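Visitor: I am new to this structure. Please show me how to read its features, one at a time.

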Amino acid sequence: MLSTLPRNEAITILGIQAPPCGECEEGVLYYCDGPYAAARECETCQGTGKHLECPHCLGGTIGDGDCSTCDGAGALY
């Protein structure tokens, strides 16, 4: 079973908007798979189109839940 990390909103937690994700276009990555075009959710921003590294743990606690700001996600969205 895959566990998903929480989507913590920067506006709720820090009072600021997260900047646009630098990896995707509005939460979706487009790619070619042979003769077909396909799309998938961006893993960096979890499909939100926004991404801000957690300023308190700087991504160092990803997955362990020790950071009280991002709950171990390493980023805010």
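Guide: Start with confidence: pLDDT is the predictor's confidence in each residue, from 0 to 100. The chain has a mean pLDDT of 81, and 81% of its residues reach 70 or more. This is a predicted model, in which local features need pLDDT of at least 70, side-chain atom pairs count only at pLDDT 80 or more, and totals for chains, interfaces and linings use all residues. Residues are numbered from 1 along each chain as its sequence is written, and side-chain values use heavy atoms, with hydrogens and water left out.

Visitor: How many of the residues count as buried?

Guide: Buried means under 20% relative accessible area, exposed means over 50%, and partly exposed is in between (1.4 Å probe, protein chains only). In this chain of 77 residues, 32% count as buried. One of the buried residues is Gln46, at 14% relative accessible area. Gln46 sits in the loop between strand S2 (36–41) and strand S3 (52–53). Its phi is near 55°, a positive value in a residue other than glycine.

Visitor: Which side chains meet in a salt bridge?

Guide: Side chains of opposite charge can pair when their charged atoms come close. The term salt bridge is used for a side-chain nitrogen of Lys or Arg within 4 Å of a carboxyl oxygen of Asp or Glu. A search of the whole structure finds one. Arg40 and Glu43 form a salt bridge at 3.8 Å, N to O. Arg40 is partly exposed, at 38% relative accessible area, whereas Glu43 is exposed, at 68%.

Visitor: Which residues form a nonpolar patch on the surface?

Guide: Patches are made of residues with over 30% relative accessible area and no salt bridge; like charges are joined within 9 Å, and nonpolar side chains (Val, Leu, Ile, Met, Phe, Trp, Tyr) within 5 Å. Accessible areas come from the Shrake-Rupley method with a 1.4 Å probe, and for residues only the protein chains shown count as cover. Ile13, Leu14 and Ile16 form such a nonpolar patch, with about 220 Å² of accessible area together. Ile16 lies in the loop between helix H1 (10–13) and strand S1 (28–33). Ile16 counts as partly exposed because its relative accessibility is 43%.

Notes: Helices (H or I, at least four residues) and strands (E, at least two) are DSSP runs, numbered from the N terminus.
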